[in-house]
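Please work through each solution step by step.

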Amino acid sequence: EGRGKDPPHLVGIHSVFCPFSADIISTVEFNYSGDLLATGDKGGRVVIFQHEQESKNRPQLRGEYNVYSTFQSHEPEFDYLKSLEIEEKINKIRWLPQQNAAHFLLSTNDKTIKLWKISERDKRAEGYNLKDEDGRLRDPFRITSLRVPVLMPMDLMVEASPRRIFANAHTYHINSISVNSDHETYLSADDLRINLWHLEITDRSFNIVDIKPANMEELTEVITAAECHPLQCNVFVYSSSKGTIRLCDMRAAALCDRHSKFFEEPEDPSSRSFFSEIISSISDVKFSHSGRYMMTRDYLSVKVWDLNMENRPVETYQVHEYLRSKLCSLYENDCIFDKFECCWNGSDSAIMTGSYNNFFRMFDRNTRRDITLEASRESSKPRATLKPRKVSTGGKRKKDEISVDSLDFNKKILHTAWHPKDNVIAVAATNNLYIFQDKIN
C-alpha cells in the first residue's frame, strides 16, 4: 500500500448514516495499528469501529469496520462566571500507543480533555460466598462451606471508563491536542495559548506558548492548530490565522514564545484581495510520519514544507482553485471560515483533504497526479468503485463534469483519516461516515 503510484482506485466497504444534527461528525482518527477507528460528534459521543478480520466466506473484502464501542464522552456544561454555555461537541480525538490489552484515547471539547480507557471483558466471577449469583446477599447462617470463585465465560463486553480529566487550564476554545513521542506528555492548544501536560498529572500543566497581548485590542492573530514532532519529543509546531507556522524547541527555553523556525510564503502582491488574509489562515498542520516534512491546509490549497527550508513550501497543491471567483458569496454564507483538515498516507507518498459537494482530493507526491472523488450513498455500496469527478469552470461542460455553480456548499468534508499502513481511508461527510479501501484486483 502507498507504493508511490497513481492515487488508489477506491471502493466502498462500509458507511454509517446518522440522521440527527447531534450526530454531525467533528473528528475522525485511526489508532496506531489502524485496527480501530474513532469518531467524535457534536453530541459529545465517541463511536469506535473495529476492523473485522478477513473471512474465508467473503474473501472479496479485507474486512469491514463495525461498531466496537459507543460512549458519551462529554456533556453540555455552563460556565457561571462568564454566563457561557460549553458545548459537548468533540473537537479532537488522539489515540495513545497501545501498551497492553486495553486501548487509551484522549478526547476534548472546548474546555475539558479526558483520557479514556477502552477494555474488553469476556469472563465473570461466579461462586461467591457471601452473595447469590443474582447479587443478593446470602444469610450468613446458611453458609456451611467455603466456595472458591471461578471465572466463567460470558458475552464480550467493551467498557469505556474515564481515567483522567484535565480541566480548567484553557480560557479560550481548545482547537488541538497532540500526544508527544515520549508517550508521557501531550500538548493542548487554544486560540492564544499552548499547554504541556503529563498524562499522569491532572491538576497542573505548563504554559509553553502565550501570544496574548497585554491589550486585547492589539490582537492580530490566533493559534489555529498545533502538533508534536513524531520523533523528537522536544519539537512542536503551531500555525496561525496569518498563514504562518512556528517551529519551537522546548530545550531552548521553558516558555517557547520565541520560535526556532518561522515558515511563511511571501504573498504575491498581484493576487492580493479583500479575502487574502482570511483564505491564508491555516486550518490544519500535520507532520509527515518520517518527521522530515509538514503539511499545512489553508482555504484553497495544501502545502508541503521541508523543515530545513523556511522561506517557501516545496510542494503546493490546489484543492479547489475554481472557488477563487466565488469568495464573495462564500464570505456571505460563512463557508470561507470552514476549517478543512488534511492527512498523510502511511508512507508519506500521498496526501488527502476535503472539499465541498462531498468531494475529497488525493494528491500523489511522486507523480504529481491528483484525483477528485465523491463520498455519496451510491459510491458507498460494497465494491462500488469511486469514479473521478471533475468540476467545470467555463460555460461549456463535458458530460461527466459538474458546474461550479451547482456545487452544494452545505455538503462538505472537513475531517478525513488515512490508515497508518494500508490504503484504507475514512471520510466524514457531515453526519455520514464513509470508509473506502484500495481496489483488490
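**Exercise 1.** Does Glu374 count as buried or exposed, and what is its relative accessibility?

*Solution.* The model is a predicted one. Step 1: the relative accessibility of Glu374 is 17%. Step 2: buried means under 20% relative accessible area. Step 3: Glu374 therefore counts as buried.

**Exercise 2.** Identify the salt-bridge partner of Glu374 and state which parts of the chain the pair ties together.

*Solution.* Step 1: the side chain of Glu374 meets that of Arg389 in a salt bridge, at 2.2 Å from N to O. Step 2: Glu374 belongs to strand E27 (residues 370–374), while Arg389 is found in the loop between E27 and strand E28 (390–392). Step 3: the pair thus ties together parts that are 15 residues apart in sequence. Step 4: Arg389 has a relative accessible area of 25% and is partly exposed, whereas Glu374 is buried.

**Exercise 3.** Describe the salt bridge between Arg193 and Asp210.

*Solution.* Step 1: the two side chains meet at 3.2 Å, N to O. Step 2: Arg193 lies in strand E14 (residues 193–198) and Asp210 in strand E15 (residues 206–210), so that distant parts of the chain, 17 residues apart, are linked. Step 3: Asp210, at 24% relative accessibility, counts as partly exposed.

**Exercise 4.** Are Lys303 and Asp298 buried or exposed?

*Solution.* Step 1: Lys303 and Asp298 form a salt bridge, with 3.6 Å between the closest N and O atoms. Step 2: both residues are buried.

**Exercise 5.** How many salt bridges does a search of the whole structure find?

*Solution.* The search finds 21 salt bridges. Asp23, Asp41 and Arg45 are linked in a network of such bridges.

Terms used. Residues are numbered from 1 along each chain as its sequence is written. This is a predicted model: local features need pLDDT of at least 70, side-chain atom pairs count only at pLDDT 80 or more; totals for chains, interfaces and linings use all residues. Side-chain values use heavy atoms; hydrogens and water are left out. A salt bridge is a side-chain nitrogen of Lys or Arg within 4 Å of a carboxyl oxygen of Asp or Glu. Helices (H or I, at least four residues) and strands (E, at least two) are DSSP runs, numbered from the N terminus. Buried means under 20% relative accessible area, exposed over 50%, partly exposed in between (1.4 Å probe, protein chains only).
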